[in-house]
Amino acid sequence: MAQVPQTLDASAVRAWCGLALEALGRAREEIDAINVYPVADGDTGTNLYLTVESAAAAVEAVFAAHAAVSVIGDTTGTGTGSGGPVIEPPTLADAVRAMAHGALIGARGNSGTILAQLLRGMAQVLAADGGTGETDGEGLRLALRHASDAARQAVAHPVEGTVLTVASAAADAASDARGDCAVVARAAYEGARTALAATPGQLAVLERAGVVDAGGRGLVAVLAALVETFTGEAPVAGAVPVLASHARVVADADVTALECADGGPVPEESAENGPAFEVIYLLDADDTAVARLRARLDALGDSLVVVGGDGLWNVHVHVDDAGAAVEAGVEAGRPHRIRITHFGPADAHTTGSTARPVRERAQRAVVAVVPGEGLAGLYAEAGATTVLARPGEPPASGELVEAVRRAHALEVVLLPNDAELRHTAAVAAEQARSEGVRVALIPTRSAVQGIAALAVHEPERRFDEDVVAMTSAAGATRYAEVEVAERQSWTMAGICQAGDVLGLIDGDVAVIGSDITATAETVLNRMLSAGGEMVTLVLGDEAPETIASHLEARVRESYLAVDTITYRGGHQSPLLLIGVE
């Protein structure tokens with residue numbers, strides 16, 4: 001058996017996040033299937049997975065950042081520095097803060113948002129003493145207690161028989177445990193498992209459907225991963241209650257007496273008139289403004305959960321007037337990453353329909369990751385399903401799988417448009433294949449390569465022929481990016497300082513300059529020196545207004561028979577992307 005930690009430190013947090021992600025990945029379909037409350041939309045497992053995936057990615061980023069700092073600090077080239085090893089792992093505070101922040105910005109759905117607050121509550125206790133590198137069973141007990149309390153406070157009207165009940169039971173059981181982290185973790189798991197089995201007796205809709213609470217089932221999986229972190233062995237999967245007949249939930253659940261997240265049962269005559277939209281957004285705002293926002297949104301709808309703090313919040317609510325919910329956020333601060341989902345006829349919260357309508361699959365679709373709303377619009381016009389990549393927030397594999405499902409096609413061509421997303425896209429492709437979708441991953445490394453691939457996409461061709469043509473077009477496109485350095489760094493072109501303009505060709509820094517337009521021209525000249533027939537420019541909102549006309553004129557004057565086309569990438573797009581075919 002591999003060595004397991006006896007205390008909770010940064011490495012244990014890292015291991016826990018990874019194991020929790022694996023556990024939710026295995027249980028995702030089962031949890032989706034038993035999702036009947038507060039909306040029978042079959043996505044609780046997926047939402048929990050995406051939330052934990054974001055948390056795990058944030059923790060991995062902290063470890064990677066510490067490793068990078070150690071390499072920069074090594075002046076001997078040996079990896080040990082001049083006075084011995086310089087690699088210092090993150091502290092417990094570093095890891096739990098990253099975990100909480102990652103979960104906060106990646107939280108999906110009602111249960112995912114509550115899970116994010118549970119992790120934040122734990123982080124608040126575990127990071128309280130910044131100089132402590134680890135904690136014992138007592139610290140874990142306190143963290144679980146605070147997590148449960150924080151989650152309840154985040155929900156406008158807590159309802160028993162939900163993930164909140166399961167979290168409280170876990171904290172209660174942990175409080176009575178005496179021993180190390182393994183003992184406390186197992187007590188919390190057993191308490192949660194017992195509470196989960198009792199949820200059908202607390203919520204009538206669960207009892208009628210013959211299932212336990214989906215969010216609570218997900219939390220049990222996360223706590224099982226915590227046990228495995230400290231013992232090296234996962235609790236027996238069969239011990240987790242789900243109850244019989246969960247396969248019929250989506251089609252057969254009695255939706256005429258569903259209970260709302262505001263704590264009261266919906267009258268039978270109004271059950272099919274529940275809120276029509278789920279609204280989620282991140283919000284930059286102070287505590288006072290958020291208190292007013294809670295009251296405003298509470299009057300607009302139900303399932304209200306507001307989590308976060310320190311100026312950044314995640315807001316989740318079900319409403320009929322999505323515009324009013326977003327407007328309330330604007331009045332409170334700066335909402336961003338806004339997601340609005342319409343509960344269609346298949347979602348029991350909105351209608352009394354007893355079966356999901358079957359929508360015929362398209363033959364083929366393209367799913368692409370794009371940086372910036374402008375490019376998203378361009379790709380959408382070309383028929384692609386898009387996933388928006390924001391600066392510093394690359395999409396997780398679960399988001400790509402979700403996009404493949406949204407495309408609803410028998411065959412999908414996946415364009416990651418980023419070299420660093422290739423592994424993430426490969427994981428997503430494998431998951432989609434396991435669900436019966438034929439997926440081809442074209443390893444595009446830039447959005448301009450994706451544009452070239454889309455330009456030759458022909459759905460009427462045989463799938464293999466279409467993939468070969470798109471791959472060839474992408475591979476024949478060299479790509480470059482112009483950006484501004486954020487800090488001093490070693491590059492292939494020498495040392496750059498913060499504020500320098502960098503020209504990257506095929507992923508490597510080739511030019512360091514002081515002027516954006518001049519650097520872009522140098523980059524373009526280097527690319528065209530090897531030949532080319534078409535130049536594609538994608539401008540971010542921060543690019544100089546005259547840069548496009550300047551570069552177009554340069555091409556016309558110096559490179560005969562080379563065409564130039566310019567697109568607007570939007571405010572989240574890189575400063576400038578260049579493609580040469």
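Is Glu411 buried or exposed? The legends below start with this residue, in a predicted model.

Figure 1. Glu411 is found in β9, which covers residues 409-415. The cut-off for a buried residue is under 20% relative accessible area. Glu411 has 9% relative accessibility, so it counts as buried. Glu411 and Arg364 are 47 residues apart in sequence. In space, their C-alpha atoms are 4.5 Å apart. Their side chains are joined by a polar contact of 2.9 Å. Leaving aside neighbours within four places in sequence, Glu411 is also in contact with Gln363, Ala365, Arg438 and Phe463.

**Figure 2. The whole chain, for orientation.** The chain has 581 residues, and 53% of them count as buried. Its secondary structure comes to 19 helices and 18 strands. Take the contacts between residues at least 6 apart in sequence: 73% of these join residues at least 24 apart.

Figure 3. Helix α11 runs over residues 287-300, 14 residues in total. From first C-alpha to last, α11 reaches 20 Å, close to the 20 Å expected at 1.5 Å a residue. Its buried residues include Ala289, Val290, Leu293 and Leu297. These four cover an arc of only 90° around the axis, which puts them on the same side of α11. An α-helix has 3.6 residues a turn, so residues three or four places apart point the same way. The face turned away from the buried side carries the exposed residues Asp287, Thr288, Arg292, Ala295 and Ala299.

**Figure 4. What covers α11, and what caps it.** Asp286 caps the N-terminal end of α11. One of its side-chain oxygens lies 3.3 Å from the backbone nitrogen of Thr288.

Figure 5. Helix α18 covers residues 516-528. At the start of α18, a side-chain oxygen of Asp515 reaches to within 3.1 Å of the backbone nitrogen of Thr517.

**Figure 6. Helices α6 and α9 pack together.** Helix α6 (residues 163-175) meets helix α9 (residues 214-231) at an angle of about 35°. Their axes are 7 Å apart. The crossing is right-handed. On α6, the contact is made by Val163, Val166, Ala167 and Ala170. On α9, Gly215, Gly216, Leu219, Val220 and Leu223 take part.

**Figure 7. Helices α16 and α17 pack together.** Helix α16 (residues 447-455) and helix α17 (residues 463-475) pack at about 140°, with axes 8 Å apart. This crossing is right-handed. Gln449, Ala452, Ala453 and Leu454 of α16 make the contact with Met470, Ala473 and Ala474 of α17.

**Figure 8. Thr135 in strand β2.** Thr135 sits in β2, residues 134-135. Thr135 is buried, with a relative accessible area of 15%. Not counting residues up to four places away in sequence, Thr135 touches Thr7, Leu8, Leu92, Leu126, Leu140 and Cys181.

Notes. Residues are numbered from 1 along each chain as its sequence is written. This is a predicted model: local features need pLDDT of at least 70, side-chain atom pairs count only at pLDDT 80 or more; totals for chains, interfaces and linings use all residues. Side-chain values use heavy atoms; hydrogens and water are left out. Helices (H or I, at least four residues) and strands (E, at least two) are DSSP runs, numbered from the N terminus. The expected span of a helix is 1.5 Å times one less than its number of residues. Buried means under 20% relative accessible area, exposed over 50%, partly exposed in between (1.4 Å probe, protein chains only). The arc is that of the directions from the helix axis to the C-beta atoms. A polar contact is a pair of N or O atoms within 3.5 Å; within protein, one must be able to donate a hydrogen and the other to accept it, and residues adjacent in sequence count only if both atoms are side-chain atoms. Axes are lines fitted to C-alpha atoms, for helices over the stretch in contact, and angles run from 0 to 180 degrees between N-to-C directions. A crossing is left-handed if the near helix is turned anticlockwise from the far one by less than a right angle, and right-handed if clockwise. Contact means heavy atoms within 4.5 Å.
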